[in-house]
Amino acid sequence: MDGSKAVPLTEMPLGIDATTEDEYALQSRLLQEFTSISSFDKAWIKSDTRNGSQQAMFSISQPNLLANKRRKFILSSHISKGSSNSVKFEWAPIPVEMTGVSVIVPSPSGSKLLVVRNPEAEAPCQFEIWGPAQVEKEFHIPQSVHGSVYADEWFQGISWNSDETLIAYVAEEPSPPKPTFTYQGYKKVSTIDKDSANWKGQGEWEEEWGETYVGKRQPALFVININSGDTQAVKGIEKHLSVGQVVWAPPVRGSQQYLVFVGWSADTRKLGIKYCYNRPCALYAVKAPLYGSEADGQEIKFIVHRHDILGEFFNSSRDNSIKDSPVVNLTKSISSAYHPRFSPDGKLLLFLSSRSAVDSGAHSATDSLHRIDWPIDGVPCSSFIIFDVIPVVMCADDGCFPGLYCSSFLRNPWFSDGCTMVVSSFWGSCQVVLSVNVLSGEVLRISPTNSNFSWNVLSLDGDNIIAVSSSLVNVPRIKYGYLVDRQKKSTAWNWLDVPSPTNECSEKVESLLSSLQFSIMNIPVRDVSDSLTKGAGKPFEAIFVSSKTKRSDSFDPLIVFLHGGPHTVSLSSFSKSLAFLSTIGFNLLLVNYRGSLGFGEEALQSLPGNIGSQDVNDVLVAVDHVIDMGLASPSKIAILGGSHGGFLTTHLIGQAPEKFFVAATRNPACNLALMVGTTDIPDWCYVEAYGIEGKNRYTEAPSAEHLALFHSKSPISQISKAKTPTLFLLGAQDIRLPICSGLQYARALKEKGVAVKVIVFPNDNHPIDKPQSDFESFLNIGVWFKRYLF
């Protein structure tokens, strides 16, 4: 018999039985169609002064399931404007894939493009300078100079200087020397024969910034001369400062240039920084390195391809560079300062602050915007007066600006008047586009006020705006905005639809989405007490997604979706995963319980100290609200949440076991007493359990009293009543909520005889967002929920 012949399989894939295999196949085909929808990430505009036209460049991405990575593309378009404010985008026929690219940053004029390719293993970091028709320069920076360039939203900082000859950026500092051993034992580095057999020890362990930064070395500041390739580390920055978000200060003739950057200090422990805006930080200024003659540059250019001796050259050149310059703290009087931006005329330095988060201990809170008047001589000092542009909003009147919730700025956020910034910010359950006059503090909502869609600004085209708009039932679309009557200083904006190739999705997806609708509900707070602040007593919001055609005989099953944090927010913007669940027969209820971003600081600060009770009650009130409105059946309710949303999910199946018939959770916080000793954010446990006083109680050695309170606040304390079939999706590399927390709760449910399914993703961390893992997660959620609700 030919052993190579295929033998019929008698076993089903692990976790799939004969009754669900067809459902897996059916749902996976639909989920793939949603997964293939591309997303807009960034956009840049270059103006042609000769003919007044513009060239747009869009960065878009799409999951690649087979490679388990995200594809990155550049899609170009020519923008032409006609009469009556008409605009036309002429798109390139196909996008260009940016394979292996970590970061792309256009120069201020748009005539050059920096492309960074981060290395694998010990390979050099690759810098490419692109011109209009070719790669003009290429430099390979070896690991002895620095490691990978930071390309994340926290530490990433890449800034061209004004004449486009120097680029400042943040990269991993070189690997520290490690002890070397031979057959004779430890050897001093200077006595080791390169040809002798040896091995490297580990040396002393160094603190890291937690989730997503495991294995990443300290972020450090560098400057590269793009004419010569000469790369220098910026001197004078103390070791305890982790740097990021660097920008060039305005040049002053005859003076050495300065760099302004954000520094996060860590004297003892580096607590997790991902999603945590409560880490103190400040703006600093330091002198940029000086560069030698053009002749020196030619020598360096020759050496740049000699990887074997380049590191030695750079190390020696740093020793002969400028003397260490003192670093100036520009924002000593405020506990948080980041995302610096200079005004076009160089007279103002704007920055965001999360001082509410830092001062209260909440991992995220209402932001504020501030201004420094930059000195005419360009010499920074540590006694600048900091002006409030947008203060923290404690409690807004209905329909009014609820406060600033803005995680970043455009590289160039300025209108032509030089004093008006354009930003995206949360406003309740929506994201909106705002204009901010940084002199007067006037804030205007310029995305449509009558729209429940979410809007995100991508780029400015002069005084016009390119944005993307979407909803939970509408895929992202590009919008082009302009003032209705600029001459009369009107504040009304008109938004044009811009057809683009990315608008296209499959006919099936388009048809399914067109059958859905959504609304944002105001949910009154139940049992308002006199001890509540005004903001904490105001209604919170929930987003309800349903079919446009209600069945006459019954209700569609309802999935209650709970965001994490807890200080984040579920927005009305498009989500491929939630859209998928909506199109396979489920209604959705996204609850923005008190403590969510976008509703003012008083509402947010009402939650710390009350987790497991106030947030749980808000969810139950929201569920009862839709039941009372005749929008859901009390016998067909599922619950879904991750992180703090998983904390709520597992709390609710214990506190209200009759309410929820099936549950699913991703990396849940089930036992704070276990979490506090294993997480990268132990201070979170103290602040959320004790309230603002938890910031002062925080210790690396919790007392028995602390642990008792943590247990009482945890879902594990309510497990005796839990009976809901639950799906657990866990990332084995998660250090925010290590896998032990979810596994302990799952095993305890199994011990009680409750139906449990556990899927572990061995290479994923807290978000479980690798394309294959995200796909398998929501496929299993859909099948699991259908199994119990249909």
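Predicted model: local features only at pLDDT ≥ 70, side-chain atom pairs only at ≥ 80, totals over all residues.
Trainee: Which residues touch the most other members of the largest nonpolar core?
Mentor: The largest nonpolar core has 66 residues. One of those that touch the most other members is L369; beyond its neighbours within four places in sequence, L369 is in contact with residues including F351, F387, I390, F409 and V436. The residues asked for are L221, L259, V260, L330, L369 and L404.

Trainee: How many residues does the second, separate core hold?
Mentor: C276, V591, C670 and I681 are among the members of this second core. Its residue count is 57.

Trainee: How much space lies in the largest cavity?
Mentor: Rolling a probe the size of a water molecule over the atoms shows where empty space is left. Four cavities of 30 Å³ or more are found in the structure. For the largest cavity, the space is about 60 Å³.

Trainee: How do the residues lining the largest cavity divide into nonpolar, polar and charged?
Mentor: The lining includes A249, P250, P251 and V252, and also Y258, W374 and D377. Asp counts as charged, and D377 belongs to this lining. The division is seven nonpolar, four polar and one charged.

Trainee: Which residue just after α8 takes a positive phi?
Mentor: Helix α8 is the run 614-628. Just after α8, a phi of about 75° is taken by G630.

Trainee: Why does H567 count as buried?
Mentor: H567 sits in the loop between β34 and α6 (576-583). Leaving out residues up to four places away in sequence, H567 touches A362, H363, S364, G595, L597, L604, L607, P608 and E688. Buried means under 20% relative accessible area. H567 counts as buried because its relative accessibility is 0%.

Trainee: What separates the C-alpha atoms of H567 and V621?
Mentor: V621 is one of the buried residues of α8. Along the chain, H567 and V621 are 54 residues apart. Their C-alpha separation is 19 Å.

Definitions and conventions
Residues numbered from 1 in each chain as written. Heavy atoms only, no water. Core = buried A, V, L, I, M, F, W, Y, C linked by side-chain atoms within 4.5 Å. Buried < 20%, exposed > 50% of the residue type's maximum accessible area, 1.4 Å probe, protein only. Contact = heavy atoms within 4.5 Å. 1 Å grid on protein atoms, 1.4 Å probe; cavity = no way out; pocket = protein on both sides within 12 Å on 5 of 7 lines; lining within 4 Å. Points joined across faces, edges and corners; volume = space filled by probe spheres on them. Helix = DSSP H or I, 4+ residues; strand = E, 2+ residues; numbered from the N terminus. Expected span 1.5 Å × (residues − 1).
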